[in-house]
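Trainee: I would like to learn how to read aromatic pairs and helix packing in a model. Can we work through one together?

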Amino acid sequence: MKAIEIENISKFYKLGSINSKSFSLFGKKEENEESIFKALDGINVTVNKGEILGVVGKNGAGKSTLLKILSKITSPTSGDITIHGRVASLLEVGTGFHPELSGRENVFLNGAILGMSKKEIAEKFDEIVEFSGVEKFIDTPVKRYSSGMYVRLAFAIAAHLEPDILIVDEVLAVGDIEFQKKCLGKMEEVAGNGRTILFVSHSMSAVRALCTRAIVLSDGKVTFDGSVNKAVTHYESLVRGAGFDENSALSNDVVRRGLGQVRFSSIKVSGIDGISKFDFKRGDDIVFDIEYSVKEDIEDVNVVVGFYSDMSGDYLGPTYKKNVSEKILKKGTKGNFKIVVPSSQFLPNRYALYFWFGNSDSGKPYDVVDSLIAPIDIYTNDIIEELGFVPVEPSGYVVFKAELIENSIS
C-alpha cells in the first residue's frame with residue numbers, strides 16, 4: 001500500500017527577486033534562465049506504507065526542500081503529491097513550536113495540529129515528557145530551552161502522537177549520542193507498527209542502521225533509488241568527486257562547526273604516490289594533505305585527525321594530534337602539512353574521518369569537519385567489487401601511529 005506518491009515535483013526560486021521582479025545592485029535585471037534556481041527538478045518517488053526511506057545528498061541537493069513540500073511548509077512550483085495519512089515533521093530546530101508557550105502547552109498545540117483530541121494527547125503526555133527528559137522544564141517557555149532540549153521534546157512529540165508518516169530532517173545530530181541512539185530505536189519501533197518514515201541524515205551509519213531503502217538527490221534530481229548500501233556508495237562517489245574549501249558547508253553546523261579563527265581550506269586523501277583515493281589495501285600508507293588559513297591572530301592552535309568506525313559510529317581516537325605552531329599565527333597566514341598513517345593498524349572496515357582545529361587546553365573548536373570528506377575503505381582483497389561491503393567491525397585499535405612528513409607556514 002502506498003503512503004506517499006510524488007509525481008514530477010519541481011520547486012524553482014528566482015534569485016535576487018523582489019516582488020516577483022529580478023533586480024541587481026546596478027538596476028533592473030532582465031529575468032533569464034540563469035536567474036532561476038532549481039531546488040527540485042522533476043522528482044518522482046513512491047514510498048510504501050511501513051517503509052523507512054533514507055534521503056541523502058550533498059548540501060544544496062534539495063533534501064530539505066522536498067521534506068518541506070511534503071510537510072506543506074512550502075508549495076511546489078509544479079507536480080503532484082498524494083499523501084495517505086497524517087504527517088508529523090521534525091525539521092529545523094524549533095519548527096512548529098511557539099516560543100512564548102511552555103513545553104506542556106506546545107505538546108498540546110502540536111497534537112492539535114496533527115488532528116488529535118485533547119484526551120488523546122493527555123493519554124500520551126507522560127510518555128512524551130519521560131522520553132524527552134525535560135521534566136523539570138516542561139512548564140518553562142520553550143524560548144528558554146537549549147537547542148538540544150528543543151529537539152528532544154520535538155522528537156518525543158512527533159514520535160509518540162502516532163502519525164502515519166514521520167518526517168525527520170537531520171536535527172537528531174543536535175542531541176547527544178545517547179539520545180540519538182534512543183531516537184533511532186524509537187523510529188524502528190514506529191516503523192515496526194506499520195508507519196512510514198522519511199529520514200534525512202549526513203550520517204551514513206545512521207542511514208544504514210535504520211533505513212530499508214534510500215534515494216540520492218543531486219542538483220535537485222533523484223540520481224539513485226534502491227538498496228541502502230548501493231545508495232550510500234553512490235552518495236559517497238558524489239562526495240569524493242566534490243571539491244572542498246574553507247567555505248564548504250559553513251551554513252550547516254551539523255557537518256562543520258567552530259569559532260572560525262582558523263579554517264581548513266583543503267583536505268586531500270591519497271596514497272604515498274600522491275594519487276587521490278579513498279580505498280586502501282591493508283598495509284598501504286594513507287596520506288592526508290591538509291591546508292589551512294588563519295582568519296584572525298591566534299595562538300596555541302592544535303590540529304587533530306581522527307577516525308570513526310562508520311559502521312558503529314564509535315570514535316576510535318586521534319590518529320594525529322599536534323600543536324600547529326609555537327608562535328602566534330597572524331591573520332592571513334596560510335599553511336599546510338602532510339601526515340602519513342599506516343593502514344596496517346586498522347582492521348578491514350569503512351572509516352569516517354574527523355578533522356579538528358582548536359585549543360586543546362580550553363577545548364574551544366576553531367574548525368571541525370566530520371561529514372564533508374568521504375570515508376575511507378580498508379580492505380584485504382586485491383579487488384573491491386563494491387565499496388558498500390559490510391566488513392568486520394574493528395575492536396582494540398584505539399592508539400594509532402602517524403608521521404608528519406611535511407609542514408610549512410607562510
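Trainee: Is F264 buried or exposed?

Mentor: This is a predicted model, so keep in mind that side-chain atom pairs count only at pLDDT 80 or more. Residues under 20% relative accessible area count as buried. F264 has a relative accessible area of 0%, so F264 is buried. F357 is buried as well, with a relative accessible area of 0%.

Trainee: How many aromatic pairs are there in the whole structure?

Mentor: A search of the whole structure gives 15 aromatic pairs. Take F264 and F357: their ring centres are 4.2 Å apart and their planes lie at 20°, so this pair is stacked. F264 belongs to strand β14 (residues 262-270) and F357 to strand β20 (residues 349-358), so the pair ties together parts that are 93 residues apart in sequence.

Trainee: Why does the pair of Y308 and Y354 count as edge-to-face?

Mentor: Planes over 60 degrees apart count as edge-to-face. For Y308 and Y354 the planes are at 80°, with ring centres 5.9 Å apart, so the pair is edge-to-face. Distant parts of the chain are linked here too: Y308 is in strand β17 (residues 302-309) and Y354 in strand β20, 46 residues apart. Y308 counts as partly exposed, at 22% relative accessibility, whereas Y354 counts as buried, at 14%.

Trainee: Which residues do ring pairs link into a cluster?

Mentor: The cluster consists of F264, F288, Y292, F307, Y320, F337, F346, Y351, F355 and F357.

Trainee: Turning to a helix, which residues of α7 are buried?

Mentor: Start with the general idea. An α-helix has 3.6 residues a turn, so residues three or four places apart point the same way. In α7, the buried residues are V228, A231, V232, T233, Y235, E236 and V239. The helix covers residues 228-240, which is 13 residues, and its first and last C-alpha are 18 Å apart, close to the 18 Å expected.

Trainee: What covers the buried residues of α7?

Mentor: Among the elements covering them are α6 (204-210) and the strands β6 (52-57), β11 (213-218), β12 (221-226) and β20.

Definitions and conventions. Residues numbered from 1 in each chain as written. Predicted model: local features only at pLDDT ≥ 70, side-chain atom pairs only at ≥ 80, totals over all residues. Heavy atoms only, no water. Phe/Tyr/Trp six-rings, centres within 6.5 Å; stacked < 30°, edge-to-face > 60°. Helix = DSSP H or I, 4+ residues; strand = E, 2+ residues; numbered from the N terminus. Buried < 20%, exposed > 50% of the residue type's maximum accessible area, 1.4 Å probe, protein only. Expected span 1.5 Å × (residues − 1). Contact = heavy atoms within 4.5 Å.
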